[in-house]
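The following paragraphs lead through the architecture of one protein chain. Please keep the sequence and the structure in view while reading.

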Amino acid sequence: MEIRLSERLRKLPPYLFREIDMLKQKARQEGKSLIDLSIGDPDMPTPGFIVEAMAEAIRNPSTHRYPSYDGLMEFREAVVQWYNERFGVDLDPKNEVVALIGSKEGIAHLPFALLDPGDEVLVPDPGYPVYTQASILADATPKPFPLTWEYGFLPKMEVLEAAAGPKTRLIYLSYPNNPTAARAPLGFFEEVAAWAKVKGIVIAHDAAYSEVFLDPPTPSFLQAYGAKEVGVEFHSLSKTFSMTGWRVGFCVGNASVLKALVQVKSNIDSGVFEAIQRAGIVALRNAKHASLAIASVYAQRRKQAVGRLKSAGIEVFPSDATFYLWCRLPKGSDSRSFAKRLIEENQVVVTPGVGFGSMGEGFFRISLTAPDEAISTGIERIVQAF
Ligand SMILES: Cc1ncc(COP(=O)(O)O)c(C=O)c1O
């Protein structure tokens with residue numbers, strides 16, 4: 001029997017990284033020693049004190065039962081305390097915080113809570129592909145808006161104004177940004193929050209990389225005046241504490257949006273494993289020290305890698321945030337062919353910029369999530385390929 005797939009699944013754009021995945025697999029089968037600088041998955045292990053907290057929590061049978069849909073009150077209170085200390089923003093743990101099975105889960109469920117068929121969602125180009133795919137899966141229409149190097153990969157308000165139509169209900173933004181590493185100043189969030197209120201558009205700010213920086217601290221969207229009235233912010237423990245496999249994050253902000261999100265989630269998942277939330281509480285209570293230790297490693301790697309790339313004439317977008325390097329290709333180059341050639345001839349994997357949207361063409365992304373030695377060898381191979 002031929003299985004008929006849903007129209008919405010067929011509407012998903014082709015997976016642009018498939019070709020790269022296949023080439024990677026082929027090279028590995030041929031016994032080539034590939035250096036993979038393409039994946040945003042930290043190579044460093046989760047700090048020991050978090051693992052210990054998990055080990056203790058998992059031995060307690062009370063954590064073995066179904067968790068609550070919106071998260072343990074103690075977890076939400078730990079989020080509130082961390083948020084207040086880090087950003088100076090007050091949150092109500094009851095209505096303004098929801099635990100997530102990783103921030104991707106919440107980012108992807110949000111369109112189901114807010115949108116009807118035909119509603120439009122503004123998504124950054126280049127951007128994290130989940131904003132587009134999740135909108136399509138919810139029968140909404142993603143509308144890309146361009147981010148350019150010239151404006152620091154921040155959309156000018158005129159650009160958002162031009163992209164927003166009468167059916168626009170939601171905008172995804174994300175700073176520090178994947179894939180470009182761009183930061184947003186608080187002034188930008190202030191402008192966006194004021195504009196969104198006039199327009200009646202919800203802002204979903206994805207802050208998955210909020211703790212991967214050195215100095216000065218990156219702001220939260222919720223620090224902007226009136227932000228809670230118009231939006232929510234997604235956070236993740238994945239990159240902050242090297243916990244990608246654990247699947248834990250949270251969403252904070254507008255109580256009505258969060259209530260709707262929990263309504264969707266309660267029909268699909270059953271919350272975050274309590275033992276993981278208990279480990280998450282310990283992580284958040286020790287966030288300052290733990291996240292700084294991790295961010296410092298990326299900063300050191302960035303300094304060395306950027307120095308070498310620049311000395312070879314390769315332009316890297318200047319930033320100290322995230323663990324990505326957004327690099328410009330020579331004029332007229334095609335990012336997919338470049339990434340393919342790197343795997344086949346130089347045994348190093350980077351992400352072609354076009355995989356993040358058409359505005360990503362002409363760029364490639366390096367992820368500093370490999371041991372130091374692998375990164376420096378990988379960077380040498382990239383330099384050779386140039
Ligand atoms: C911009 C961005 N947002 C969200 C996520 C999802 O992270 P997680 O689901 O692990 O919290 C990622 C993961 O790479 C990301 O790059």
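A residue is called buried if 20 or more other C-beta atoms lie within 10 Å of its own, exposed if 12 or fewer do, and partly exposed in between, with C-beta atoms placed from the backbone. The model is predicted: local features need pLDDT of at least 70, side-chain atom pairs count only at pLDDT 80 or more, and totals for chains, interfaces and linings use all residues. Residue numbers start from 1 along each chain as its sequence is written.

With 31 other C-beta atoms within 10 Å, Thr322 is buried. Although Thr322 is not a glycine, it has a positive phi of about 65 degrees. Its place is the loop between α12 and β9; helices (H or I, at least four residues) and strands (E, at least two) are DSSP runs numbered from the N terminus.

β9 belongs to an open sheet of three strands in the order β9-β12-β11, with antiparallel pairing. The edge strands, each pairing on one side only, are β9 (324–328) and β11 (351–352). Two strands count as paired if DSSP finds at least two bridges between them. Five bridges link β9 and β12 in the antiparallel sense, and within this pairing Leu325 has Ile366 of β12 as its bridge partner. On the other pairing, β11 and β12 (residues 363–367) are joined over two bridges, also antiparallel; here Thr351 is partnered by Arg365 of β12.

At the level of domains, whose bounds come from an automatic or database domain assignment, the protein is divided into domain 1 (7–45 + 293–385) and domain 2 (48–288). Their C-alpha centres lie 25 Å apart. The contact between them takes 29 residues from domain 1 and 28 residues from domain 2, where two residues are in contact if their C-beta atoms, placed from the backbone, lie within 7 Å. On the side of domain 1 that touches domain 2, α1 (7–11), α12 (287–311) and β9 each supply at least two residues. The largest share, four residues, comes from α12.

Which residues touch the most other members of the largest nonpolar core? In this core of 121 residues they are Val79 and Ile203. A nonpolar core is a set of buried Ala, Val, Leu, Ile, Met, Phe, Trp, Tyr and Cys residues joined through C-beta atoms within 7 Å. Leaving aside neighbours within four places in sequence, Val79 is in contact with Val97, Phe250, Val252 and Leu284.

The ligand is surrounded by 14 residues, of which the closest are Gly102, Ser103, Lys104, Ser236 and Ser238; a residue is near a molecule if its C-beta atom, placed from the backbone, lies within 6 Å of it. Helix α5 (residues 103–114) gives the most to this shell, with three residues.

A cis peptide bond joins Asn178 and Pro179, with omega about 15 degrees, and Pro179 lies in the loop between β5 (168–174) and α8 (186–199). The peptide bond from Asp215 to Pro216 is also cis, with omega near -5 degrees; Pro216 is found in the loop between β6 (202–206) and α9 (227–230). Phe153, in the loop between β4 (141–146) and α7 (157–163), has a positive phi of about 55 degrees although it is not a glycine. Phe153 counts as buried because it has 24 C-beta neighbours inside 10 Å.
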